[in-house]
Structures are given as C-alpha cells and as structure tokens.
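Thanks for coming, everyone. Please have a look at the slide, and then we'll walk through it together.

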Amino acid sequence: MRLDFDMALKVFISWLRLKQILLILLLPLAACSTLKTTYVAPPSKIDLEKVLALPESIPEQLLSEFDDDLLALTQNMKKFVASNVPEGASREARLDRLFSAISSNPDHKITYDSMATLTAADTFEKRRGNCLSFSAMFIALAREAGLQASFQQVDVPPMWDALSDEVLIQYRHVNVKVKLRDNSDGVIDFRVDRYSETFPRKILSDNEGLALYYSNIGMQYVVEGDYDRAFVASMRALEADADTAFIWSNMGIVQRRLGNLALAEISYRQALQLDPYHWSALSNLAYVYDEYGNTERADELRHLSNNYKLRDPYYRYALAQYSYRKGDYQEAIDLLNISIARRRFEHRFYYLRALSFWGQGNKKSAIQNVKKAISVSRSRSIRSQETQIIQARYENSLESWEKQFYK
C-alpha cells in the first residue's frame, strides 16, 4: 500500500512530556503477558556463536552487500538543509522549516511504501520508503540542522497479514522525536493515523534503529525466498543489537528456512530469555518441537502463546474487528468488554463497541459508547489533523444515531 507524502505525513508538537514513538517492521506474531511462563533452557554462549556463524553454503561476498550507514548524509542532503533551515533560528523554527521544506516542496514529495526499507540517503534520493526509512532520513536531516532527533518506537495495536497458513506478519511503527524545550518534544510521523498518545513508547538508540533496519530487510528476503541474504541481514541486525527478543526470533525463522532446526531452536530460546512472554518465539519454538516429534512440549508452548495473545487488549480488539465484520456483534462486544477493562483510555475500543451495539439494534448502548469514544479521544489524543478526522467520524455517527433514536 502506498500513500502520498502530503496525505500521510503530519507533524505534531506536544507541550506535554511526550514519552515515546513508532516504526514499520516485519516480524512474526508476538506479545507479552504478566501470567506465569514456562521454563525454557537458556542457550550457551557457544550455542549463540553457532547461530551467528556464516554457514559454509553462503558465499562470503554477500557480507559486503550489508554494510550500510543508515544515517549517512549526502552532499545534496547537506545542501538541502543549508538552503532551507536558518542556523540562528530557534529549535521550534528549525523543525518547522525543515518539515515544511519536505512536505511543501513537490520535488521532495515522499511516497509511502511499506516494503521499502531504505537508508536515509536512499530515501531522500528515491523519494519513497516506509516509516523506518522516512524516520532515518528525517533524523539525519534534523541532526544536520542542529536538532536533537531520535528514533522512537511505539507498541501499536496488532495488525497482521498472513503469508501462509503458518506464517504471520505483524506490523509495528517508528517515528522521530525531536527535543525542543526542557519540557516539550516535537514528533514527526509518516503515518500519524497509526499513532495514539495512549500507546506504550520508547526511545531507540541509533544501533537499535540499525538493527530494526537490517531485521526488516532480513524478513523481506524471507518473503522473497532468498534465505542466504535473509541470514546475512539478520546477522547484521544482531551485531547491532543482540538484546531485542524479536530480532532473535526473526533469526530463528531464517535458520529454520535454511534447514538448521537446531540453530532455530537456539534462536527462539534466546528470544525467550530476553522476553519470556514473546508470542512469536513461543509459537515458532512449538513448531520446532513438532518437527522433533515432541508434540507434548509443542502443545504446551502453543497453549501458552495463545493465552498470552488473549491477554493483550489490542489482540482482542483485532479479533473483535473480525467478529464485527462477519456480523457476530455479541462476540465483538464480549471481546471489547475485556479490552476496555484492561485499557480504559482507548477510544477505538468504545467506538467499535458502539458499532457492535448498533449492529445488534441496541441503539441506546451504541449512543452511550460513541459518546464515551468522543470523550476519551478529546481527553487523551494529541493535536493533529488525523485526530480531528477521527473525532468528526465519531460525532457524525452520534448525530445520525440520535436522530434515529429520538425521532
């Protein structure tokens, strides 16, 4: 899917203390929980070294293809900043001028492409990229303009695509945090429609951003069936950041595709040392034990993974969306009741519940819930054009329903 830059990119300044942010990356089904976990033996240091060792079947010359400088600036990028951002201006003014120079200039129009994971320089030159690519480009330009800019990641509601009956892709999101005053930050986002101030967020280091970049590329090669390049990209990701669970889980996927079942198992076990509640590692480790013939252990891990997914309010929200689309309104309401009990300040939950009640013919409850969605969206959302669009949708529903209810 592609969106024009001037439609998808928004800037918003939060005069609160903005906590964290968003990214697009590919990874298999994953999650967390506070319920009991199961013991998975940690791999040894020697085992981990085996996972990262270049297989004899992969030519060494492939290594040179994966030696990117994610945030490197070209001379054209430096000239762009120099001609558009005044040196003596305030941080807010520099950020505004940089953003305007990109968003208002037809020659710098960026096209959203979810599968285009590119460096900052390539994104600037090719005028396309996903959220991670755009974030890298903007960070590089912002730093050239003397601004303190960082990657930020946010845990967005689950969005999954199926590659097959066995493989799922989960999309996450990244954007840019720019330090302005002592108590304020600017946030630049390529897909502000996916952002909410209620989502958990965290700042990422440059190395973590590089790891996401390579892990993304590795998963894209998995989709294409080029497992040699998928391995080298995943190896580079772990060289940049070996402390993130899903990157190890992604390496497990690659090793399994290469036929290295034992190395896949080690990768999943390491992911679970970093995050004992990681859905992807649990699910994929269950497949490994299936292939070993240890179905009892596989069933245990699969059951645990399913329980963790159901603890996530956004996973239940995704299930509720599916139930609503197929017309099972009561099932959607039941799922949303649990989601709302666990996250009361998510306006999307109330609005979908309102739609579900309306589908049932329960107009009074539908009106009550859409009013709650409006109230929550006004109290919890940041200022943005996208927020205004969402609120207008809710208010239009309320107006239409009240006319029908009170006529």
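Let me start with a question: does Arg 127 count as buried or exposed, going by its relative accessibility? Arg 127 has 19% relative accessibility, so it counts as buried. Buried means under 20% relative accessible area, exposed means over 50%, and partly exposed is in between, with a 1.4 Å probe and protein chains only.

Before going on, a word on the source. This is a predicted model, where local features need pLDDT of at least 70, side-chain atom pairs count only at pLDDT 80 or more, and totals for chains, interfaces and linings use all residues. Residues are numbered from 1 along each chain as its sequence is written, and side-chain values use heavy atoms, leaving out hydrogens and water.

Back to Arg 127. It sits in the loop between α5 (120–126) and β4 (128–129). Its phi is positive, about 60°, although Arg 127 is not a glycine. Most residues other than glycine have a negative phi.

Now the whole protein. It has 17 helices and 10 strands. These are DSSP runs, numbered from the N terminus: helices are H or I with at least four residues, strands are E with at least two. Of the 407 residues, 55% are buried. Take the contacts with a separation of 6 or more: 71% of them join residues 24 or more positions apart. Contact means heavy atoms within 4.5 Å.

Next, two helix pairs. First up is α9 (residues 245–257) with α10 (residues 261–274). Their axes are 8 Å apart, and the angle is about 170°. That makes α9 roughly antiparallel to α10. The cut-offs: under 35 degrees is roughly parallel, over 145 roughly antiparallel, 65 to 115 roughly perpendicular, and the rest oblique. Axes are lines fitted to C-alpha atoms, for helices over the stretch in contact, and angles run from 0 to 180 degrees between N-to-C directions. In the contact, α9 brings residues including Trp 248 and Met 251, and α10 brings residues including Leu 263 and Tyr 268. By class, that contact has 10 nonpolar residues, five polar and one charged. Ala, Val, Leu, Ile, Met, Phe, Trp, Tyr, Cys and Pro count as nonpolar, Asp, Glu, Lys and Arg as charged, and the others, Gly among them, as polar.

The other pair is α11 (residues 279–292) and α12 (residues 295–311). Their axes come within 8 Å and cross at roughly 160°. So α11 is roughly antiparallel to α12. Among the residues that meet are Trp 279 and Tyr 287 in α11, and Leu 301 and Tyr 308 in α12. Here the classes are 10 nonpolar, three polar and four charged.
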